[in-house]
Amino acid sequence: MADDRTGQDVARAGSRSMERSSDVEQRQISNEARLIRGVFRAAGLAAGTVARGSQWAVETTYEVTKEITQAALDGESSADIAERTGNALRSIARSALGVTEGSVREIVSYVPTSNGAAQQQALGIGTPLHSASSEELRRRGDALLARSADVYFTEDVHPAYDRILDELAPDEARILRFMALNGPQPSVDVRTNRPLGIGSELVTGDLTSVPEQAGVRYPDRARTYLINLTRLGLAQVSDDPVVLSRYMVLEVQPVVEAALKKAGRAPKIVRKSLRLTEFGSDFCHTCFTIGN
């Protein structure tokens, strides 16, 4: 009997030892998992999904991006996409982060499987692979109408301003500030000259010296800057000209002279203007310090 009790005591001691060891291992796994999840979040991975464009994410999560993108393009379900992401995360966690298999399993179990979460990040640029459904659009539209009827809802600035600032180059900000301070600026089209204007062709349009006057850092991107400002609804080319004397300086600029030479004999100049839209003017006075 004594031997039996001794054996039972040893067994219980061994069990407690194994339980303590298991608890320690579980705590280690949880700590590692939390640490690595934090690393993924800091890198923009949002706890297991593909990150948006930082250098660390590009170098470290290439396999994750490749797996999710291929799964999304193959039309796989969100569960299948999550499984592919899990496999890629296992590889990264083992080889790059040096963690235990238990931590890997816990990290991978955190990969979201709800519809759209992995798919929307599949390309790594935050763009959904599919357009929103009519139900989703209607829900969002009804939410806007509800806020418009809420007398307690306030909105200090247009919600698009925040997004627009992210889509502007520093040089474009300089152009906007210059126009906000100086008003409409001369712009010209250069066309070939034909009798009665019949058959006249546009050689170069919307020529202006605004970017150079604003002091942009990259003058060779001037036309791209103006195209983007027009795309964002901040600036527009108007058929209304400014004071005639203001075109004298513009029409002797090298870019205009090159267009005139290309147009051939007796080229035609169409005088217009570049100006801020009402939306663009409000944007400038809201988002920039416009001083004297």
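Before anything else, the naming: helices (H or I, at least four residues) and strands (E, at least two) are DSSP runs, numbered from the N terminus. With that, Ala 266 is found in the loop between helix H13 (254-263) and S4.

Now the ground rules. This is a predicted model, in which local features need pLDDT of at least 70 and side-chain atom pairs count only at pLDDT 80 or more, while totals for chains, interfaces and linings use all residues. Residues are numbered from 1 along each chain as its sequence is written, and side-chain values use heavy atoms, with hydrogens and water left out.

The overall picture is next. The protein has 14 helices and four strands. Of its 292 residues, 33% are buried, where buried means under 20% relative accessible area, exposed means over 50%, and partly exposed is in between (1.4 Å probe, protein chains only). Contact here means heavy atoms within 4.5 Å. Among contacts with a separation of 6 or more, 70% are between residues 24 or more positions apart.

Let me turn to a pair of helices. Two packed helices are described by the angle between their axes and the distance between the axes. For helix H9 (residues 170-182) and helix H11 (residues 222-231), the angle is about 70° and the axes are 10 Å apart. That makes H9 roughly perpendicular to H11. The axes are lines fitted to C-alpha atoms, for helices over the stretch in contact, and angles run from 0 to 180 degrees between N-to-C directions. Under 35 degrees counts as roughly parallel, over 145 as roughly antiparallel, 65 to 115 as roughly perpendicular, and the rest as oblique.

Which residues make the contact between H9 and H11? From H9 they are Asp 171, Glu 172, Ile 175 and Leu 176, and from H11 they are Thr 224, Tyr 225, Leu 226, Asn 228 and Leu 229. Five of the residues in this contact are nonpolar, two polar and two charged. In this scheme Ala, Val, Leu, Ile, Met, Phe, Trp, Tyr, Cys and Pro count as nonpolar, Asp, Glu, Lys and Arg as charged, and the others, Gly among them, as polar.

Some of these names come back in the core. A nonpolar core is a set of buried Ala, Val, Leu, Ile, Met, Phe, Trp, Tyr and Cys residues joined through side-chain atoms within 4.5 Å. The largest one has 22 residues, and those with the most contacts inside it are Leu 168, Ile 175, Leu 176, Leu 229, Leu 234 and Phe 283. At least two residues each come from helix H8 (160-166), H9, helix H10 (210-214), H11, strand S4 (268-276) and helix H14 (278-287). H9 gives the most, with four residues. Apart from this core lies another, of ten residues, including Val 242 and Tyr 247.

Next, a charged residue. Is Asp 189, in terms of accessibility, buried or exposed? Asp 189 counts as buried, at 10% relative accessibility, and lies in strand S1 (residues 185-191). Its side chain makes a polar contact of 2.8 Å with the side chain of Lys 272. A polar contact is a pair of N or O atoms within 3.5 Å; within protein, one must be able to donate a hydrogen and the other to accept it, and residues adjacent in sequence count only if both atoms are side-chain atoms. A polar atom of the Asp 189 side chain also lies 2.7 Å from the backbone nitrogen of Asp 206.

Asp 206 itself is in strand S2 (residues 202-207). Its phi is near 55°, a positive value in a residue other than glycine. Asp 206 is partly exposed, at 33%.

Last, Glu 251 is buried, at 15% relative accessibility, and its side chain is joined to that of Arg 271 by a polar contact of 2.8 Å.
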